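Welcome to this short tour of a protein chain.

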Amino acid sequence: MKRAIQIAKNGQFSVAPNPMVGAVIVHQDKIIGEGYHQKYGEAHAEVNAINAVKNQSLLKESTLYVSLEPCSHQGKTPPCANLIVEKGFKRVVIANLDPSDKVAGKGVELLKKSGIEVVTEIGAKEGQLLNRRFFSLHKKKRPFVILKWASTADGYLGILPSDSKVKDAWITSALSKQLVHLWRAQEMGILVGKRTALQDDPELTVREANGKQPVRFLVDPLLEVPASAKVFDEAAPTVVLNTLKEGKKGQLTFLRYPKGQMIDVLFAYCLKTAIHSIIIEGGAFTLERFLDDGRWDEIRHFTGQKQFGQGVASPKINAELICTQRIRGDEYRFYLNPQA
């Protein structure tokens with residue numbers, strides 16, 4: 001199972017909104033085939049593992065290890081559970097049951113009815129960690145939420161709009177920036193507030209790593225960010241959360257929310273469109289909204305060596321510190337929400 005989970009990670013940049021899945025076929029304690037879900041809409045892990053076995057007659061005497069319950073419904077590809085039955089496997093070992101409504105135990109039920117021995121919850125903790133984004137969307141009915149920001153050595157997240165003394169407001173190293181772009185490629189959505197869009201004019205794209213562009217979310221209650229802002233370019237779709245209008249034009253979507261319900265409307269949209277993860281990159285007011293709301297999962301916080309002397313204060317963190325590391329002079333801290 002460890003091997004199945006290991007190879008499943010190869011799909012981290014290409015399978016969303018599907019989960020990452022790995023499969024390993026063992027015959028007489030020897031791996032004879034393995035595969036993983038490589039790309040959304042293409043063959044699942046079980047199919048790739050079965051196709052990798054040179055002597056197909058051995059399948060009837062083999063055990064299939066798979067990190068997530070085989071699907072039992074017709075989607076973009078045929079149901080994997082039917083193929084497993086057809087090939088005559090005698091035993092299937094599964095890390096996690098699939099929480100989605102389309103599967104949710106139906107795959108295991110089909111296998112058992114066909115006389116196949118099924119063992120579940122082997123490597124379950126590792127499997128949950130692997131697909132924590134997918135599980136969040138289907139179990140909690142909201143995306144997996146990552147809060148990310150950087151602050152100076154003296155505790156400021158950014159400069160004041162009126163501060164002309166700070167010419168370079170970038171806080172962290174180039175290596176930390178590359179890491180952030182890698183994170184963006186791993187998530188399906190990225191969000192900033194109006195103040196960040198007006199002050200920094202960010203692109204919110206993956207430019208220093210390989211991977212898909214996340215859907216960009218902008219919280220702009222009164223639609224004050226100009227159409228010339230980089231967040232509205234053609235590099236990726238953009239959703240504007242606002243209180244004034246609803247509608248869609250090309251890659252631009254306006255999503256209206258009632259006062260005080262921005263996060264609820266955002267989560268409902270993500271559930272509807274299968275966006276299972278989102279990284280919140282600021283600014284301070286937006287980050288604090290999510291911190292106060294409590295529906296977030298991770299904090300990824302950098303502290304750089306610069307000092308501003310004054311500015312926008314970094315949000316206070318009340319969470320479980322998991323690890324700390326140094327990245328080219330920056331200090332990186334990773335936290336989990338114990339209440340999530």
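A residue is called buried when its relative accessible area is under 20% and exposed when that area is over 50%, with partly exposed in between. With that in hand, Q28 is exposed, because its relative accessible area is 67%. Please keep in mind that this is a predicted model. The points below go through backbone details, ring contacts, cysteines and pockets.

**Backbone details to look up**

- Q28 sits in the loop between β1 and β2 (30-36), and its phi is positive, at about 50°, although Q28 is not a glycine.
- E121 is another residue other than glycine with a positive phi, here near 65°.
- You can find E121 in the loop between β5 (117-119) and α5, and it counts as partly exposed because its relative accessibility is 47%.
- The peptide bond that runs from A16 to P17 is cis, and its omega is near 10°.
- P17 belongs to the loop between α1 and β1 (22-27).
- A cis peptide bond also joins G282 to G283, with omega near 0°.
- G283 is part of the loop between β13 (277-280) and α10.

**Aromatic rings**

- How many aromatic pairs does the structure hold? There are five of them.
- F217 and Y269 make an edge-to-face pair, with 6.0 Å from centre to centre and 80° between the planes.
- This pair links distant parts of the chain, since F217 is in strand β9 (residues 215-219) and Y269 is in helix α9 (residues 262-273), 52 residues apart.
- F217 has a relative accessible area of 0%, so it is buried.
- In F302 and Y332, the ring centres are 5.1 Å apart and the planes meet at 40°, which is why the pair counts as tilted.
- Because F302 lies in strand β14 and Y332 in strand β17, their pair ties together parts that are 30 residues apart in sequence.

**Charges over rings**

- Which residue lies over the face of W183? It is R300, at 4.7 Å from the ring centre.
- R195 lies over the face of another ring, that of F285, at 5.2 Å from the ring centre.

**Cysteines**

- How many disulfides does a search of the whole structure find? The search finds zero.
- C71 is in no disulfide, and the nearest cysteine sulfur to it belongs to C80, 3.8 Å away.
- A disulfide needs two cysteine sulfur atoms within 2.5 Å, and for C80 the nearest cysteine sulfur, that of C71, is 3.8 Å away, so C80 is in no disulfide.
- C71 counts as buried because its relative accessibility is 8%, and C80 is buried because its relative accessible area is 2%.

**The largest pocket**

- Rolling a probe the size of a water molecule over the atoms shows where empty space is left.
- The largest pocket contains about 1200 Å³ of space.
- Its lining is made of 44 residues, and those nearest its centre are L157, T196, D200, E281 and G283.
- Among the elements that give two or more residues to this lining are β6 (144-151), β7 (156-158), α7 (174-186) and β8 (189-193), together with α8 (194-200) and α10 (284-293).
- Sorted by class, the lining of the largest pocket has 21 nonpolar residues, ten polar and 13 charged.

**The second largest pocket**

- The second largest pocket contains about 940 Å³ of space.
- It is lined by 37 residues, and Q128, L129, L130, N131 and R132 are the closest to its centre.
- Elements that give two or more residues to this lining include α1 (2-8), α5 (124-130), α6 (132-140), α7, β14 (298-303) and β17 (330-336).
- Which element gives the most to the lining of the second largest pocket? It is α6, with seven residues.
- By class, this second lining has 15 nonpolar, eleven polar and eleven charged residues.

Note on methods: Residues are numbered from 1 along each chain as its sequence is written. This is a predicted model: local features need pLDDT of at least 70, side-chain atom pairs count only at pLDDT 80 or more; totals for chains, interfaces and linings use all residues. Side-chain values use heavy atoms; hydrogens and water are left out. On a 1 Å grid over the protein atoms alone, a cavity is a set of points where a 1.4 Å probe fits but cannot get out, and a pocket is an open set with protein on both sides within 12 Å along at least five of seven lines; lining residues have an atom within 4 Å of a point. Grid points are joined across faces, edges and corners, and a volume is the space filled by probe spheres set on the points. Helices (H or I, at least four residues) and strands (E, at least two) are DSSP runs, numbered from the N terminus. Ala, Val, Leu, Ile, Met, Phe, Trp, Tyr, Cys and Pro count as nonpolar, Asp, Glu, Lys and Arg as charged, and the others, Gly among them, as polar. Rings of Phe, Tyr and Trp (its six-membered ring) pair if their centres lie within 6.5 Å; planes under 30 degrees apart count as stacked, over 60 as edge-to-face and the rest as tilted. Buried means under 20% relative accessible area, exposed over 50%, partly exposed in between (1.4 Å probe, protein chains only). A charge sits over a ring if NZ of Lys or CZ of Arg is within 6 Å of the ring centre and within 35 degrees of the ring normal.
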